[in-house]
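Visitor: I would like to learn how to read salt bridges and a nonpolar core in a model. Could you take me through them with care?

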Amino acid sequence: MVKVDWIGGMAFRATGDSGGSFTMDSLPETGGQSLGVSPVEALLASAAACSGMDVVSILVKKRQKLTSYRLEVEGVRPSPGEWPRPFESITLTHILAGEDLDPVAVERAVELSDEKYCTVVTTLRRAPTVTSKWEIADDPVQ
């Protein structure tokens with residue numbers, strides 16, 4: 001489970017069962033203070049990090065010597081003013097460097113992450129059912 005607590009303004013702190021946390025906020029023009037990434041940026045970053053972790057793990061198993069790795073994620077959405085604005089497409093670009101990296105090994109690692117291992121990307125592809133519930137607490141939320 002991930003708990004997301006309002007910390008004021010438009011900012012929220014997400015905390016996972018792991019104990020790790022991060023802050024999300026909006027831009028000043030939409031009421032925020034830019035204290036963290038936007039929820040939309042966090043979604044794209046989650047897809048990239050999930051895939052990246054898979055790729056690193058696979059390349060380590062293939063004894064590839066990775067020295068640097070960056071993912072760039074671009075999402076295409078309808079124009080502002082149209083609501084809702086779900087992503088119409090998402091492109092993950094993997095940019096790797098290393099000692100004698102085998103292009104076949106890199107391609108296979110990305111393919112395995114994309115088609116088999118990355119939970120975030122698979123979830124986005126399957127468009128799961130999302131249910132919202134609500135409750136009013138008697139005491140301040142802890």
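Guide: Let us begin with exposure: a residue is called buried under 20% relative accessible area, exposed over 50%, and partly exposed in between, using a 1.4 Å probe and protein chains only. Arginine 108 is partly exposed on this scale, at 36%. This is a predicted model, in which local features need pLDDT of at least 70 and side-chain atom pairs count only at pLDDT 80 or more, while totals for chains, interfaces and linings use all residues. Residues are numbered from 1 along each chain as its sequence is written, and side-chain values use heavy atoms, leaving out hydrogens and water.

Visitor: How many salt bridges does a search of the whole structure find?

Guide: Side chains of opposite charge can pair when their charged atoms come close. A salt bridge here is a side-chain nitrogen of Lys or Arg within 4 Å of a carboxyl oxygen of Asp or Glu, and the search finds 3. One of them joins arginine 125 to aspartate 114 at 3.1 Å, N to O. Arginine 125 belongs to helix H3 (residues 119-126) and aspartate 114 to helix H2, so the pair ties together parts 11 residues apart in sequence; helices are DSSP runs (H or I, at least four residues), numbered from the N terminus.

Visitor: Which residues make up the largest nonpolar core?

Guide: A nonpolar core is a set of buried Ala, Val, Leu, Ile, Met, Phe, Trp, Tyr and Cys residues joined through side-chain atoms within 4.5 Å. The largest has 7 residues, namely Val55, Ile58, Leu59, Ala105, Val106, Ala109 and Leu112.

Definitions and conventions:
Helices (H or I, at least four residues) and strands (E, at least two) are DSSP runs, numbered from the N terminus.
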